Amino acid sequence: MQLPADAIREGPVALGPPFEEDARAVLGELRPALAEVLEHLSPPVRRASDLRRRLGLSHKVSWGLFNAATGRDMRALPSLMPGERAMEGFLGAAARHGVPPAAVERARAAFRRFEEMVDRDAGSRDAFETMVSGLSVASDTEGAASSAELRHKRAAFRAAALLWGRQARASCLVKIMHPSAGPEGRGLLDRVLIRGLVGLRSTRRGVPAHTVASHWSVPNAGDPEAGPPEPLDAGSGPEGIGLLPDFCSRPLPEFRLVESRPGHCAYELAGERLGPSGEVTYFAANIFRADSAAPGSAPGAEVGLSRAVTLPTEAYVGDILMHRSTWDTSPPAVRVYACRLDGVMEDRPGDLLRLSEGAEYLGEGPDAARTPLIPRYADLLTRAITRAGWRPAEFRVFRCLVRYPVMYTRIRMVLGGGPAGAGA
């Protein structure tokens, strides 16, 4: 449900019956707390088997905790949580492996509140799992990806990575929306756009270097003419790219501006090193002032996030952060379309793929967005929001997490509006 742009409201929106509110709060605290523990482990934990080897956990416990920290659907958390003794073993091992005491204690406290709610409201884990299954989170018509679908997507990723000679552990695209200041910005939103890749590597010489696409946009209903973007971090690489040096690998990745078609520009990643020793991680961010219509401010106005998949990637993290005055907790609609060869960005029914991807509301503030898939992600979001002059705690976080996104598809998230053009 969209809110008019001038309907500024403070505090959380009612989420439903008391149990549903409490369950969302408890599970919404538990997942980022687990993600923070995993985030501090070194070397990085990239899959459940890494966690098992690093901390000496059983297969069942490591698989459950990793999926609880990275999963899309909070309703799955109760079935993934270990018992109290196994959880304490995990936290003790994490502390011995250098995870800061504050992070360990936050996870312990979040797990304690989870256990208390189970005892108080359900009496058993089995009963609690049944009660939580009724929560409305990501689109219930789509649900979590089936095991068969995930198996096929993983196989496609592995084949594409070998054939193309390049791959990445994670791709990230974030849009942060805030009401524009001043009377001339009434009904309009400022936006910060963050793009990044984690663990980009080449395995074959001569493959095309990865490019960061330029800033392009197909206007949505009610959008004004877009002005030039401003880099969020001054002196951050080639003009217009907006590199965030503090969140990039070292040595700092180098990019060169490449000619493209009118209205587009691209930055090509330089470098020839192969394999893990040549891995690159980078993030870039730009801010656009008063260039987006707020949902509800004009017929068909929407906030969209669109990612074209052109690189074999283990995971895609697409986040929309909405200032709480502009949207409630309703998650975005998610659709996956085949990329059109003619370059048309219109959403056409014939291009829609029947994949079970969805989005979820995670909570408020950057901590709700924590994930071990992206190093220091909460810090990155906090930096971007404060650099824009806004308050991090005032943003609601919505996520579309796609495991092994299919090559040459377009993953589209939409809040509000109707069938408008691509949003990012």
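Colleague: What volume does the largest cavity have, and how do I read such a feature?

Modeller: Rolling a probe the size of a water molecule over the atoms shows where empty space is left. In this predicted model, the largest cavity has a volume of about 70 Å³. The count comes to one cavity of 30 Å³ or more.

Colleague: Which residues line the largest cavity?

Modeller: The lining consists of Arg31, Ala69, Thr70, Gly71, Val317, Leu362, Ala368, Arg370, Thr371, Leu373, Arg399 and Leu401. Two elements give two or more residues to this lining: helix 3 (59-70) and strand 13 (395-403).

Colleague: How many residues of that lining are nonpolar, polar and charged?

Modeller: The lining of the largest cavity divides into six nonpolar, three polar and three charged residues.

Colleague: Next, the cores. Which residues have the most contacts inside the largest nonpolar core?

Modeller: In soluble globular proteins, nonpolar side chains tend to be buried together. Here the largest nonpolar core has 41 residues, and Leu34, Leu51, Leu65, Phe90 and Phe114 have the most contacts inside it. Two or more residues of this core come from each of helix 1, helix 2 (48-55), helix 3, helix 4, helix 5, helix 6 and helix 7. Helix 1 gives the largest share, nine residues.

Colleague: Take Leu65 as a case. Which residues does Leu65 touch, not counting residues up to four places away in sequence?

Modeller: Leu65 touches Leu34, Leu51, Leu57, Leu80, Met81, Pro82, Met87 and Phe90, with residues up to four places away in sequence not counted. There is also a second, separate core of 31 residues, which includes Val174, Leu232, Leu244 and Val397.

Colleague: Now the helices. How many residues does helix 6 have, and what does it reach from its first C-alpha to its last?

Modeller: The check is to set the end-to-end reach against the span expected at 1.5 Å a residue. Helix 6 (residues 101-122) has 22 residues and reaches 31 Å, close to the expected 32 Å. Just after helix 6, Gly123 takes a positive phi of about 90 degrees.

Colleague: Which residues of helix 6 are buried, and which helices do they pack against?

Modeller: Ala103, Val104, Ala107, Ala109, Ala110, Phe111, Phe114, Met117 and Val118 are the buried residues of helix 6. They pack against helix 1 (18-39), helix 4 (77-80), helix 5 (84-96) and helix 7 (125-132).

Colleague: And helix 5: how far apart are its end C-alpha atoms?

Modeller: The end C-alpha atoms of helix 5 are 18 Å apart, and this agrees with expectation because its 13 residues should span 18 Å at 1.5 Å a residue. The buried residues of helix 5 are Met87, Phe90, Leu91, Gly92, Ala93 and Ala94. Their packing partners are helix 1, helix 2, helix 3 and helix 6. Helix 5 is followed by Gly98, whose phi is positive, near 95 degrees.

Colleague: Let us turn to a single residue in a strand. Is Gly199 buried or exposed?

Modeller: Gly199 counts as buried because its relative accessibility is 2%, and the cut-off for buried is under 20%. Gly199 is placed in strand 2 (residues 188-202). Leaving aside neighbours within four places in sequence, Gly199 is in contact with Gln167, Ala168, Arg169, Glu279, Val280 and Thr281. The C-alpha atoms of Gly199 and Tyr282 are separated by 8.8 Å, although the two residues are 83 residues apart along the chain.

Colleague: What is phi of Ala290, and what of Tyr408?

Modeller: Phi of Ala290 is near 50 degrees, a positive value in a residue other than glycine. Ala290 is in strand 7 (residues 280-293) and counts as partly exposed because its relative accessibility is 24%. Tyr408, likewise not a glycine, has a positive phi of about 55 degrees. Tyr408 lies in the loop between strand 13 and strand 14 (409-416), and at 39% relative accessibility Tyr408 counts as partly exposed.

Notes:
Residues are numbered from 1 along each chain as its sequence is written. This is a predicted model: local features need pLDDT of at least 70, side-chain atom pairs count only at pLDDT 80 or more; totals for chains, interfaces and linings use all residues. Side-chain values use heavy atoms; hydrogens and water are left out. On a 1 Å grid over the protein atoms alone, a cavity is a set of points where a 1.4 Å probe fits but cannot get out, and a pocket is an open set with protein on both sides within 12 Å along at least five of seven lines; lining residues have an atom within 4 Å of a point. Grid points are joined across faces, edges and corners, and a volume is the space filled by probe spheres set on the points. Helices (H or I, at least four residues) and strands (E, at least two) are DSSP runs, numbered from the N terminus. Ala, Val, Leu, Ile, Met, Phe, Trp, Tyr, Cys and Pro count as nonpolar, Asp, Glu, Lys and Arg as charged, and the others, Gly among them, as polar. The expected span of a helix is 1.5 Å times one less than its number of residues. Buried means under 20% relative accessible area, exposed over 50%, partly exposed in between (1.4 Å probe, protein chains only). Contact means heavy atoms within 4.5 Å. A nonpolar core is a set of buried Ala, Val, Leu, Ile, Met, Phe, Trp, Tyr and Cys residues joined through side-chain atoms within 4.5 Å.
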